[in-house]
Amino acid sequence: MAHVVVVGGGVMGSAAAWELASRGFAVTLLERFAPGHTEGSSHGSSRIFRLAYADPFYVSLAARALPLWRQVEEESGQAVLELTGAVDHGPPEAIDALYAELRIAGHAAWVLTPEQAGERWPGLRFDSSVLFHAAAGRVHADRAVTAFQQAAAARGAVVRHGVRVEKLLRHGTDRVEVVTADGEVLSADAAVVAVGGWAPGLAAQTVAGIPPLRVTQEQPVHFPARPTAPDALVWPSFIHHPGARLTDPAGVYGLGSADGVKIGFHAVGPTVDPDRRDRSIDPAALRRVQDYAERWLPGVDSTAPTATTCLYTITPDHDFVVDRDGPVTVLAGFSGHGFKFAPAIGALAAELVTGAPGARRFALGRERTPGEGTEL
Ligand SMILES: Cc1cc2nc3c(=O)[nH]c(=O)nc-3n(C[C@H](O)[C@H](O)[C@H](O)COP(=O)(O)OP(=O)(O)OC[C@H]3O[C@@H](n4cnc5c(N)ncnc54)[C@H](O)[C@@H]3O)c2cc1C
């Protein structure tokens, strides 16, 4: 049985380990930190799941992920994905493009007036047409990582925490040695490197063609829902697209969660080194989110924020890197919108390991055009 070492136990490495174990590979997953750690990109209680992208490629990738989320829930016994629906509002051209792509792909979606939307979701304020689609909502991030690891282990994967990989030594196209910081050497037929914000180090040292990756520290904020507003857990996920009266150039995302209503500006944080980042809360960035909440979210108490930090790893075109170079497959650059796709990325990784060609869109060394940066 071929042995694959997966380096990195965030959501992407864990999903890949599950897919590989499901396909009969002997899998070892190595994660440098303890279970439930908050150093990378995959912690916390919520991430948006949605099908709506103004791009058929991502609409179909999200649709591929949906039944796989249900499958990992079933195998692990963990509830991970809750469909509370999703709301998009902002300039009509942004809403029209999302609506068109959903309809072309055969997904149900509705456009509402601001008045209709305000009645249905009293916690949010609208001043433009609003798109709703039901096959969307919230993924519980911590539970998702645990679920993938449990389901992988149930299929025979060995999951090890507290093991930092120092380097990978490639031998031709079908042999790799994975060397840990403690000097242990694991020999494998293939490796999957899914190290999130550490990709500019370990992944870039191991394979050629990784685009310049910018690692940022983002600062989402949770607010309690007001007693007069619906409970946070039933809020839809929402994206407020920039333009029209949202003059701030970064898009805003939000969703209800067990920790309150989470709000963030997309990809606005400072560039950081993940090993030396300052996890302290930036008061100016917090104020900006509070100002937004005061203006646009009558259903939250904007005076009671709880901010947290998390890493984005951003490619120039905001497309992901999911490709293979010899015996090493790289999963990187999820640009702040990867979580929803995780089981589909795991499946793509397993296909690459079995020798199938990857998606050109996610290729190493591809031609790049800078992205808009507002997709979530
Ligand atoms: C604030 C915020 C909000 C987001 N919201 C959404 C959203 O609503 N919807 C959505 O789809 N996406 C969202 N995302 C993006 C999504 O969370 C990420 O794309 C995803 O979590 C990336 O996972 P990863 O496995 O690539 O990285 P990580 O979770 O960082 O995992 C990498 C792992 O590799 C480990 N590692 C690193 N180096 C080594 C080594 N040398 N040896 C062993 N292990 C190592 C790390 O410890 C880490 O656990 C959001 C991200 C943030 C930060």
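**Before you start.** The model is predicted: local features need pLDDT of at least 70, side-chain atom pairs count only at pLDDT 80 or more, and totals for chains, interfaces and linings use all residues. Residues are numbered from 1 along each chain as its sequence is written, and side-chain values use heavy atoms, with hydrogens and water left out.

**Stop 1: the ligand.** Select the ligand and its surroundings. There are 35 residues around the ligand, counted when one of their heavy atoms lies within 4 Å of it. The closest are Glu31, His37, Ser42, Ile48 and Cys310. Now show polar contacts (pairs of N or O atoms within 3.5 Å). A polar side-chain atom of Ser42 sits 2.4 Å from a ligand oxygen atom. For Glu31, a polar side-chain atom is 2.6 Å from an oxygen atom of the ligand. Val11 uses its backbone: an N or O atom there lies 3.3 Å from a ligand oxygen.

**Stop 2: H1 and H8.** Stay with Val11. Select helix H1 (residues 11-22) and helix H8 (residues 342-353). Helices here are DSSP runs of H or I, at least four residues, numbered from the N terminus. The two axes are 7 Å apart, at an angle of about 55 degrees. Axes are lines fitted to C-alpha atoms over the stretch in contact, and angles run from 0 to 180 degrees between N-to-C directions. H1 and H8 are therefore oblique to each other, the class left after roughly parallel (under 35 degrees), roughly antiparallel (over 145) and roughly perpendicular (65 to 115). The crossing is right-handed, with the near helix turned clockwise from the far one by less than a right angle; anticlockwise is left-handed. Contact means heavy atoms within 4.5 Å. On H1, the contact residues include Val11, Met12 and Trp18; on H8, they include Pro343, Ile345 and Val353.

**Stop 3: H1 and H5.** Val11 and Trp18 of H1 take part, among others, and Phe148 and Gln149 are among the H5 partners.

**Stop 4: H2 and H5.** Select helix H2 (residues 56-76) and keep helix H5 (residues 141-154). The axes come within 9 Å, crossing at roughly 65 degrees. That makes H2 roughly perpendicular to H5. The crossing is left-handed. Trp69, Val72, Glu75 and Ser76 of H2 meet Ala144, Ala147, Phe148, Gln150 and Ala151 of H5.

Note on methods:
Helices (H or I, at least four residues) and strands (E, at least two) are DSSP runs, numbered from the N terminus. A polar contact is a pair of N or O atoms within 3.5 Å; within protein, one must be able to donate a hydrogen and the other to accept it, and residues adjacent in sequence count only if both atoms are side-chain atoms.
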